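Trainee: Please take me through one part of this model closely. I would like to see how a single residue sits among its surroundings and what lies around it.

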Amino acid sequence: MDDRLVNWLMFINGAPKDRWEELAMETPGLKKAMTTLEFLSQNKEARMLYDMRKKALLDEQSALDYAESRGRVEGKAERDKEIVASMLKKGLSVSLIAEVTGLSEAEIETLNNQLH
């Protein structure tokens with residue numbers, strides 16, 4: 001039989017904890033199962049603390065992702081404004097600027113009004 005299968009069977013059959021590390025070294029997925037089993041075996045308070053920490057990390061990552069996407073949107077808006085201003089200064093028509101940039105004529109007019 002494949003050694004990895006034997007390792008899984010030994011783990012499932014209740015191999016002593018002092019052999020877990022040896023079994024996990026040869027079977028990568030087994031390490032995750034062992035970690036999960038240890039977690040589930042902890043007391044209720046330890047699980048609650050673990051869940052709270054995991055939620056905090058996910059919340060933090062979500063906040064960072066939001067800030068990053070918001071920064072991209074604001075950066076793009078600022079670049080659009082600079083490009084439109086440059087095109088207007090060169091005397092290009094609003095309709096041509098709209099065609100080139102993909103912005104609406106109303107957006108370009110609004111940017112033009114903000115510049116003056």
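Mentor: Apart from its neighbours within four places in sequence, Asn7 is in contact with Leu23, Glu26, Thr27 and Leu30, contact meaning heavy atoms within 4.5 Å. This is a predicted model, in which local features need pLDDT of at least 70, side-chain atom pairs count only at pLDDT 80 or more, and totals for chains, interfaces and linings use all residues. Residues are numbered from 1 along each chain as its sequence is written, and side-chain values use heavy atoms, with hydrogens and water left out.

Asn7 belongs to helix H1, residues 3–12; helices (H or I, at least four residues) are DSSP runs, numbered from the N terminus. Asn7 counts as buried because its relative accessible area is 6%, where buried means under 20%, exposed over 50% and partly exposed in between, with a 1.4 Å probe and protein chains only.

One of the contacts of Asn7, Leu30, is also among the buried residues of H3, together with Met34 and Phe39. These buried residues of H3 pack against H1, helix H2 (20–26) and helix H4 (44–89). H3 itself covers residues 28–41, and its 14 residues should span 20 Å at 1.5 Å a residue; the expected span is 1.5 Å times one less than the number of residues. The end C-alpha atoms of H3 are 21 Å apart, which agrees.

Helix H4 also holds Lys44, which counts as exposed because its relative accessibility is 68%.

How values were computed:
Helix = DSSP H or I, 4+ residues; strand = E, 2+ residues; numbered from the N terminus.
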